[in-house]
Amino acid sequence: MFITPIFFLRRPADDIAPMATSEDSLRRALAEKQSTIDATGNSIRQLKSSGASKSEIDDAVKALNALKLEKTSIETQLKASVSGDANGSVMSRDAFRQAVVNTLERRLFYIPSFKIYRGVAGLYDYGPPGCAVKSNVLAFWRQHFVLEEDMLEVDCPCVTPEVVLKASGHVDKFTDLMVKDEKTGTCYRADHLLKDHCKDKLEKDLFMSADKAAEFKHILAVLDDLSAEELGAKIKEYGIAAPDTKNPLSDPYPFNLMFQTSIGPSGVIPGYMRPETAQGIFVNFKDLYYYNGNKLPFAAAQIGQAFRNEISPRQGLLRVREFTLAEIEHFVDPDDKSHPKYSEVEKLEFLMFPRDLQMSGQSAKRLCLGEAVSKGIVNNQTLAYFIGRVYLFLTRLGIDEERLRFRQHLPNEMAHYAADCWDAEIESSYGWIECVGIADRSAYDLRAHTDKSGVALVAQEKFAEPKEVEKLVITPIKKELGLAFKGNQKMVVEALEAMSEKEAMDMKYVLETKGEVEFEVCTLEKTVTITKKMVTISKEKKKEHQRVFTPSVIEPSFGIGRIIYCLYEHSFYMRPSKAGDEQLNVFRFPPLVAPIKCTVFPLVQNPQYEQVAKNISRSLTAAGISNKKDITGTSIGKRYARTDELGVPFAVTVDSTSSVTIRERDSKDQIRVSIDEVAAVVKEVSEGRATWADILKKYPAHTSLSVKEVLLSCKSRN
Ligand code: AMP
């Protein structure tokens with residue numbers, strides 16, 4: 001079968017790795033070639049002015065033309081290398097994306113929301129096939145995670161009171177840096193403008209020096225890490241203006257991405273539309289822990305809408321203002337992050353992009369997950385278990401494993417409390433896109449809600465025998481502290497009590513040797529002097545019957561819309577029509593995600609065949625197989641093309657009243673099956689209990705009858 005090859009991205013523009021050596025050497029080769037061309041041009045001029053012979057001049061011109069050809073070839077390679085279109089792709093990534101997006105919009109996989117009112121950026125509706133794909137992806141997510149891992153699913157409100165998001169840090173810190181067009185007030189994401197500028201320069205200025213190119217690459221690599229001041233300085237240095245008007249831009253300033261609202265008519269209870277579903281799970285920890293028999297580890301899961309008021313949403317379905325998240329919070333003892341089912345994933349091998357490879361400018365490598373854990377690349381077994389499960393989930397959905405990688409966060413990308421984070425990134429025409437974040441968030445979230453709510457979100461481990469433990473006891477002497485610090489006494493006391501064991505023992509040593517110590521009180525933002533009289537620090541032996549601790553949380557967070565969009569791109573291809581006069585679009589969805597599993601149509605318009613088609617459709621529905629009848633008089637080829645474009649894997653064509661054909665979408669192979677067996681066969685292969693290859697072995701292949709032959713056979717039977 002001939003399939004028009006589509007582009008395959010070798011190194012996308014979004015890839016922020018330092019300049020690849022090939023690009024580096026191509027830039028150098030181009031600069032060298034240009035100076036040789038200049039020198040040859042000069043020598044030709046000299047030859048002419050010195051009255052050299054015609055043949056001498058002709059030879060030099062020939063050499064110059066050859067050099068120019070070589071320069072063009074290097075330029076082409078460099079352009080391809082910079083844009084990620086290396087290796088002679090047939091279609092540019094933009095043309096490919098346009099073909100996918102046109103098909104998706106035309107077949108109503110999605111629709112820009114409120115289109116008749118000219119739409120709103122970052123809001124999209126899913127049409128019928130889009131809804132079906134989404135519901136299949138979510139059904140598989142529930143099967144693969146909630147059911148197979150015995151998770152506790154919850155469903156919490158989208159409207160969330162401010163106090164919850166204050167505790168989680170979203171009210172203060174969930175921001176992006178924004179700049180405004182100083183004349184029109186149009187807003188832009190500051191980092192996106194800088195990123196576009198650097199990428200544009202790298203792609204268009206082929207004669208840029210290797211040093212300058214390295215500078216732009218470096219900015220792309222540390223973009224997430226730049227402060228408002230640093231971003232502002234770079235925007236000024238490069239003279240970046242508002243893209244639409246070329247007007248000057250304001251300095252960058254933080255913009256909170258949450259949609260604010262108020263709860264109830266009085267407007268006194270501030271709230272927000274949740275930016276993630278996780279907080280709903282954390283605040284329910286106590287009840288869920290009880291529901292689980294006060295046992296760890298356990299995981300809770302939630303699927304729901306999340307809202308982020310993105311500053312200037314671009315990239316179609318990938319960056320939107322309302323989207324579906326599917327999140328898991330796996331609660332585990334911080335002292336034991338082993339996983340009982342780890343052995344089921346440890347042998348998996350796939351593309352991983354650990355920190356050291358990123359920092360040394362290398363590419364992602366195929367690694368064995370178990371080895372990554374034993375070498376300490378992945379922090380712990382539970383985190384690795386989820387990385388493995390996410391890999392299986394995405395590839396079973398139909399994501400191309402060559403275009404899926406697990407990238408570890410660089411130290412500067414991770415929150416200070418996180419133990420380790422990996423993103424499942426999928427390569428699309430937009431570059432590598434973070435689709436699932438898998439993070440070991442330690443005990444941060446439960447501690448934050450414990451502090452704010454006053455409800456202890458903790459777990460207990462009961463000891464079989466009481467254990468003698470040495471406990472640190474810090475006793476601030478309030479009378480002395482009150483005399484010394486007056487109104488600030490409370491904050492000094494709290495800071496003393498919050499000391500870690502090491503800090504406390506260091507203080508004890510200094511107090512005993514020197515009598516006083518300098519002590520930083522963060523809440524006062526200053527250092528105070530603590531004397532021996534103000535605090536006693538000791539270690540006491542105690543018998544304990546249980547250990548009380550705050551569990552760690554390992555959180556895989558799935559952006560469902562992003563996964564679906566990447567799946568659309570990975571499934572799309574074009575092939576010529578039978579007559580060879582047009583290119584037809586096909587989505588090669590696995591049956592698991594295909595919006596409709598089977599179409600049923602009579603080969604010709606005939607009441608008997610239509611009745612057979614209706615009966616088959618009914619039996620498929622009864623077997624739980626989504627199907628669609630097509631009894632229009634359109635040619636069979638057109639009807640196949642229509643269903644291929646929706647990614648329907650199987651088509652039943654009624655060409656007799658006793659048996660029918662079943663056609664598989666990608667191979668276009670057909671088999672002949674008796675009418676009574678159709679539903680069972682389609683069900684078996686749609687549900688993955690048999691492959692198409694298995695079915696081909698069991699049933700006779702069908703070579704198509706022409707419509708004329710069928711009409712003749714109908715007539716002779718009537
Ligand atoms: P985060 O909480 O920012 O790590 O996001 C969790 C997941 O949500 C990411 O891995 C993305 O797949 C998805 N996501 C984040 N922001 C958006 C957005 N604006 N539009 C669509 N999906 C998003």
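1. A nitrogen atom of the ligand lies 3.3 Å from an N or O atom in the side chain of R562, a polar contact being a pair of N or O atoms within 3.5 Å. Taken alone, the ligand exposes 490 Å², of which the protein buries 85%; accessible areas follow the Shrake-Rupley method with a 1.4 Å probe, and for residues only the protein chains shown count as cover.

2. The model is predicted: local features need pLDDT of at least 70, side-chain atom pairs count only at pLDDT 80 or more, and totals for chains, interfaces and linings use all residues. Residues are numbered from 1 along each chain as its sequence is written, and side-chain values use heavy atoms, with hydrogens and water left out.

3. An oxygen atom of the ligand is 2.6 Å from an N or O atom in the E434 side chain, and an oxygen atom of the ligand is 2.9 Å from a polar backbone atom of C435.

4. Strands are DSSP runs (E, at least two residues), numbered from the N terminus.

5. F114, I116, Y117 and V120 form a nonpolar surface patch of about 520 Å². F114 is located in the loop between β1 (110–112) and β2 (124–126).

Technical notes: A polar contact is a pair of N or O atoms within 3.5 Å; within protein, one must be able to donate a hydrogen and the other to accept it, and residues adjacent in sequence count only if both atoms are side-chain atoms. Patches are made of residues with over 30% relative accessible area and no salt bridge: like charges are joined within 9 Å, nonpolar side chains (Val, Leu, Ile, Met, Phe, Trp, Tyr) within 5 Å. A salt bridge is a side-chain nitrogen of Lys or Arg within 4 Å of a carboxyl oxygen of Asp or Glu. Helices (H or I, at least four residues) and strands (E, at least two) are DSSP runs, numbered from the N terminus.
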